[in-house]
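Dear colleague,

I am passing on the structure we spoke about, and below it you will find my notes on how its parts meet. Please read them with the structure open beside you.

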Amino acid sequence: MSEPILDVRDLSVSLVGSGPPIGAVDRVNLTIGRGEVFGLVGESGCGKSLCALAIAGLLRQPMQVTGGQIMLGATDLATIPQRQMRRMRGDDVSMIFQEPMTALNPLMTVGDQIGEMFVLHRGLSRRAARKKAIEALDQVRVSSPERRINAYPHQLSGGMRQRVMIAIALACDPKLLIADEPTTALDVTIQAEIVELVLELCRAKGTAVMMISHDLGLVARICNRVAVMYAGQIVEERASAEIFNHPSHPYTRGLVDALPRLGRRLERGQRRLTEIAGVVPALHEFPEGCRFAARCPRVTSECTAASVPVTQLDGGGIVRCLHHV
Amino acid sequence: MLQLLLRRLAQAALTVFIVISLVFVLFSVIPGTFTSSLQADKRDVSQDVIERLEDELGLNDPLPVRFANYVTDLAQGDLGVSYATRRPVSDMLSGRIWASFKLACAAIFFAVCVGLPLGFIAAIRQGSWIDTAAMTFAVSGLSIPGFWAGLLLMYLFSLKLHLLPTFGYGSGGLSHLILPAITLGIAPMALLARTTRAAVLETLNADFIRTARSKGMSERRLVTRHLARNAFVLVLTTIGLQFGSMLGGSVVIEKLFAWPGVGSLLIDSVGLRDIPAVQGAILVIVLFFLLINTLVDLAYLVVDPRIRYN
Amino acid sequence: MKAGPNLYIGGGIILLVALLAIFAPLIAPYHPVTSANLMYAEEPPSMQFWLGTDEQGRDIFSRIAYGARISLFIGLAVQVMNTAIGVSLGLSAGYFGGWWDEFVQGLTGLMLSIPTIVFALALMAILGPGLPSLLIALGMTDWAYSCRISRAQVLTQKSLNYVQSARIIGFGPLHVMFRELLPNIAGPLIVVATMGVGSAIIAEASLSFLGLGVIPPNPSWGGMLSSAREQLMIAPWVAVFPGLALFVTVLGFNLLGDGLRDLLDPHGRTRR
Ligand SMILES: Nc1ncnc2c1ncn2[C@@H]1O[C@H](COP(=O)(O)OP(=O)(O)O)[C@@H](O)[C@H]1O
Ligand SMILES: [Mg+2]
């Protein structure tokens with residue numbers, strides 16, 4: 001791998017309230033190379049968004065970074081002052097969110113919302129920013145951008161709004177784009193289009209992508225490497241082809257089995273594909289030992305005894321399981 | 001947009017008509033109101049004088065005829081003749097409308113200038129002592145009877161500190177306006193502070209605020225460019241509605257401060273059971289309220305593109 | 001969500017006022033009306049007259065104690081009337097829809113476009129002064145808000161399972177509306193009604209203050225203030241204490257309403 005652009009070391013995020021802090025993200029390590037497309041998967045509620053927000057410095061009360069480093073190049077985002085973080089946000093690190101319907105300011109034209117990036121980070125005048133905004137809209141393949149620049153978000157479809165979000169996020173050619181389930185809320189027919197658009201633009205700009213999704217299939221297809229997250233911990237991280245074809249952690253195995261695949265038929269009476277039984281535990285219910293134990297087919301008494309260490313795999317990558325394959 | 005405007009105007013016109021009919025019916029179907037109004041006044045009038053007067057005023061015509069007459073007169077700006085003063089009601093009202101308007105505007109100005117920032121600061125500093133203090137202040141403002149607050153202010157600022165005149169209209173200057181305006185503005189101010197706080201908190205949690213943060217802007221820009229306007233849209237309706245309930249409050253406050261407005265005319269006329277004057281005053285108040293609400297709707301057209309383009 | 005301090009402070013205040021009202025004859029040192037004695041007119045607060053006397057020499061504390069009866073009675077009675085009207089209209093409008101819904105909504109809009117107290121004044125002009133008129137005038141004019149809330153609530157609940165199954169079992173509309181729907185939407189309505197008692201008390205006090213409500217010499221807090229302006233210079237206590245009683249009582253209902261909202265309506269459907 002080339003020199004990393006993002007190097008997250010032992011990142012912990014906790015809910016800090018009136019009582020003792022409750023850990024939500026537990027010593028997460030992530031490394032993303034320059035221009036790499038990196039995947040982060042896991043069911044809903046596993047802590048993916050919290051990781052993303054922590055990296056972008058967007059955590060809000062009561063969530064706080066309670067440990068670790070977030071190295072973007074040579075700067076540790078976890079410790080730099082607010083003002084400096086603000087300057088880097090949008091310029092060096094950008095983020096796209098899940099909900100295109102509500103992520104844009106309803107009272108501002110999309111032109112102003114895109115242009116704001118150039119005003120903020122390039123010091124352009126509103127006029128000049130407007131011209132750049134038209135270019136940016138054109139880049140995300142919105143037809144007749146000169147006209148659309150004056151549209152308000154409610155006049156655009158969900159896919160169109162997500163394109164605007166992409167234009168905003170990539171306006172200043174950031175080094176890293178965090179895309180938090182960018183297509184989950186969209187119509188299936190345009191999901192692929194949006195993902196392609198993100199990848200293509202990032203490739204052109206040399207922007208690294210951290211693609212967050214609950215869809216292992218999607219992530220495995222487009223990413224070089226994938227990390228699987230469960231209950232606030234990374235449970236497996238490997239090259240995407242391997243993780244997809246030979247999942248090592250039982251949770252990853254479960255995710256893979258749940259995917260619809262060509263040539264696989266649903267048996268009669270089977271409601272959906274083999275879903276993993278049970279749900280992700282809530283923050284305050286994380287168990288002592290392996291956090292997946294309660295849902296794991298391979299569980300033994302050792303699993304629940306003490307927390308499970310990370311094992312280095314032979315072919316590169318890591319897994320957090322006593323009974324990994 | 002034009003269509004929307006026209007529809008609003010048509011709605012308002014319909015409401016006005018219904019209110020006119022309602023007021024007419026209320027005061028016409030009950031027999032003997034005129035008689036009792038004279039008797040309530042302890043005036044010694046003989047039965048045939050009453051009958052002659054009733055005839056003269058057309059009170060014995062069939063109801064539909066009287067309604068038709070009433071509406072025709074209204075359309076010509078004729079609100080009838082006061083039983084008590086024998087002057088045209090429109091004359092009695094004309095000077096008072098301006099006084100009431102001035103008072104209402106001053107009160108809402110006070111309410112907005114204090115209530116909006118108060119709610120805003122409380123929301124931004126949610127959970128701090130400022131928030132607690134502001135919201136305690138607001139719930140107190142909501143609970144204090146206006147006329148009592150007026151009495152206290154009068155006692156403090158006029159009688160003790162000799163800073164402002166106690167009551168009356170004076171020559172129409174600012175000094176006479178201040179106390180009644182603040183008194184009248186307390187309740188809307190309190191409500192506005194609470195609504196603003198709720199609106200700002202709601203907006204702070206909105207996704208687009210997170211997007212704005214992700215762009216890397218200063219808190220100041222975030223608040224002025226993204227938060228304030230969106231929160232204000234949520235508050236706008238309250239401001240309009242407050243104007244309405246304030247018109248109600250002004251009836252009492254005008255009386256307390258001997259403010260020569262429509263409200264004190266209404267009270268005096270109700271006391272005298274001077275039906276034409278009561279009708280006229282109510283009509284003016286309702287018209288004013290509808291006007292305000294139409295203006296608020298127009299304001300929405302200006303600030304909220306979602307409405308402008310739908 | 002747990003009960004906050006508002007609930008207890010508000011409830012405590014109202015409990016105290018209610019006790020004052022109930023035990024007024026035991027608590028009040030003097031008779032509220034017949035104790036008038038010009039010898040003692042406008043005495044400042046003292047051991048003999050705890051809160052001073054008014055221009056007729058009546059003990060203000062005694063009149064406040066008896067006035068609590070009127071304020072609470074009118075506040076509650078008026079609010080019961082308003083809530084009954086508002087809920088019946090709102091429930092049926094939301095339940096039946098169609099032209100009835102249109103009509104009720106139009107009526108509500110109309111009520112909202114006439115300030116409550118102005119409407120009440122108009123009714124008082126027709127009905128003349130006195131307690132029955134006062135109850136009618138206030139009890140029929142302030143229902144628009146609970147009507148809107150119950151209608152909106154019914155619309156969101158109507159399609160839910162329990163309503164559907166009650167219909168399928170064959171319960172009539174009255175049963176479904178009042179036995180199935182009402183208990184499920186009661187939370188927000190209780191909040192609105194609680195705060196409404198406060199406004200009703202203020203409305204009664206305002207009318208009495210204007211001399212159009214409770215007829216003197218019956219002690220009502222608003223009525224006690226009606227002559228206060230003229231005596232403000234020489235006897236400010238005449239203005240201060242009855243108003244304070246009003247303020248604290250209304251504050252009690254508003255705090256209780258806030259507290260109940262945190263408890264019953266955490267989503268803020270009744271926030272305003
Ligand atoms: N502000 C918050 N307050 C309390 N719990 C939170 C908050 N944000 C996230 N959580 C909890 O943290 C866990 C991880 O959330 P999240 O990162 O959003 O999951 P994901 O993005 O993987 O679906 C969830 O259990 C969620 O309920
Ligand atoms: Mg998420």
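How many salt bridges are counted between domain 1 of chain A and domain 2 of chain A? The count is two, with the caution that this is a predicted model. For a salt bridge to look at, take Glu237(A) and Arg225(A), whose closest N and O atoms are 2.4 Å apart.

As for the parts themselves, the domain assignment gives domain 1 of chain A as 4-34 + 48-229 and domain 2 of chain A as 233-261 + 272-319, and the C-alpha centres of the two domains lie 27 Å apart. Where they meet, 20 residues of domain 1 are in contact with 19 residues of domain 2, and the area buried between them is about 1,600 Å², with carbon and sulfur atoms giving 65% of it. On the domain 1 side, Asp26(A), Leu216(A) and Val228(A) lose the most area to domain 2, and together they account for 35% of what that side buries.

Polar contacts are found as well, in eight residue pairs across the interface of the two domains, both residues of a pair being at pLDDT 80 or more. The elements that give two or more residues to the side of domain 1 that touches domain 2 are β2 (22-33), α8 (216-222) and β9 (225-230) of chain A, and the largest share, seven residues, comes from β2(A). By type, the residues of that side divide into 13 nonpolar, four polar and three charged.

With best wishes

Technical notes. Residues numbered from 1 in each chain as written. Chains lettered and ligands numbered in written order. Predicted model: local features only at pLDDT ≥ 70, side-chain atom pairs only at ≥ 80, totals over all residues. Heavy atoms only, no water. Domains from an automatic or database assignment. Contact = heavy atoms within 4.5 Å. Buried area = accessible area lost by both parts, 1.4 Å probe. Salt bridge = Lys/Arg side-chain N within 4 Å of Asp/Glu carboxyl O. Polar contact = N/O pair within 3.5 Å; in protein donor to acceptor, adjacent residues only side chain to side chain. Helix = DSSP H or I, 4+ residues; strand = E, 2+ residues; numbered from the N terminus. Nonpolar A, V, L, I, M, F, W, Y, C, P; charged D, E, K, R; others polar.
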